[in-house]
Amino acid sequence: MSEKLQKVLARAAFGSRREIETWIIQKRIRVNGKIAQVGDRVSESDRIFVDGKRVSSSRGVEERKHRYLLYNKPENEICARKDPQGRRTVFDGLPSLKHGRWISVGRLDFNTTGLLLFTTDGDIANRLTHPSSMIEREYAVRVMGNVDSSMIKNMHQGVQIDGSVYRFTDIQYFGGEGLNRWYHVVVMTGRNREVRKLWESQGVKVSRLKRVRFGPIFMPSTLKRGQFHELPKREVEKLLNATKL
């Protein structure tokens, strides 16, 4: 059976499908000696080269054991492989790999902390972040300002922001005193600054934001900021189930 070229290379952790499509357009990929085209399909017998280097067959990619990490992101790290300003990135402290590369499952803002997943399986990373997967992201958020029931109702029902409707599927009050209150909120998409924008639409400022859950995976209380651990098999199976695989 054949598969799309960008799907095979994404699964091998060369990058996202979109990145690989860009490489195809840039003529960096060859299949059986010919320059690849967007839409090409490959099978296990095809010879794939990226920047002149031979890539494993699609069967070899399938049989490779992929890895999954949970990282407790601290503040002031950027979710990019390199930063022109020289800031630390979330990739800087990850373990080195002999084959493939780490792919982040979604992103977190520069000042947002908490749970960030990495995998060497680009296909799974794509499935986990695709809107059709409908995977919950839960955040602990500290807000400054008075919050009343009408504001909570607005954010539940949906608010028009930047031409799109943003909403929380769940909002739970967790405590606090004065103008600083903690809430746990849940969103189903990974849009840029989604949680902050929703609170700001109600005239409330977010002073702390931490992701505590991604789908079935929770942030362990024992994992300190800047540390990571390998997901055990049972947690990986939960992730695969979340993508309906």
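The chain contains seven helices and 17 strands, as seen in a model that is predicted. Its C-alpha atoms fill a box of roughly 65 × 40 × 40 Å along the principal axes, and buried residues make up 44% of the 245 residues in the chain. Among contacts with a separation of 6 or more, 64% are accounted for by residues 24 or more positions apart. The chain exposes about 13500 Å², of which carbon and sulfur atoms supply 47%.

Strand β7, which spans residues 68-73, is largely enclosed by the rest of the structure, because six of its six residues are buried. In a regular strand, the side chains alternate between the two faces of the sheet. Both faces of β7 are covered, with Y68, L70 and N72 buried on one side and L69, Y71 and K73 buried on the other. β7 pairs with strand β9 (residues 113-119) in the antiparallel sense over six bridges, and L116 in β9 is the bridge partner of Y71. Three bridges also join β7 to strand β17 (residues 228-230), again in an antiparallel arrangement, where E230 is the bridge partner of L69.

The largest pocket has a volume of about 1200 Å³. Of the 40 residues that line this pocket, S104, V105, G106, R107 and T129 are the closest to its centre. The elements giving two or more residues to the lining are α2 (17-25), β8 (103-105), α4 (122-129), β10 (137-144), α6 (194-200) and β15 (205-214). By class, the lining of the largest pocket comprises 14 nonpolar, twelve polar and 14 charged residues.

Methods
Residues are numbered from 1 along each chain as its sequence is written. This is a predicted model: local features need pLDDT of at least 70, side-chain atom pairs count only at pLDDT 80 or more; totals for chains, interfaces and linings use all residues. Side-chain values use heavy atoms; hydrogens and water are left out. On a 1 Å grid over the protein atoms alone, a cavity is a set of points where a 1.4 Å probe fits but cannot get out, and a pocket is an open set with protein on both sides within 12 Å along at least five of seven lines; lining residues have an atom within 4 Å of a point. Grid points are joined across faces, edges and corners, and a volume is the space filled by probe spheres set on the points. Helices (H or I, at least four residues) and strands (E, at least two) are DSSP runs, numbered from the N terminus. Ala, Val, Leu, Ile, Met, Phe, Trp, Tyr, Cys and Pro count as nonpolar, Asp, Glu, Lys and Arg as charged, and the others, Gly among them, as polar. Buried means under 20% relative accessible area, exposed over 50%, partly exposed in between (1.4 Å probe, protein chains only). Contact means heavy atoms within 4.5 Å. Accessible areas come from the Shrake-Rupley method with a 1.4 Å probe; for residues, only the protein chains shown count as cover. Two strands pair if DSSP finds at least two bridges between them.
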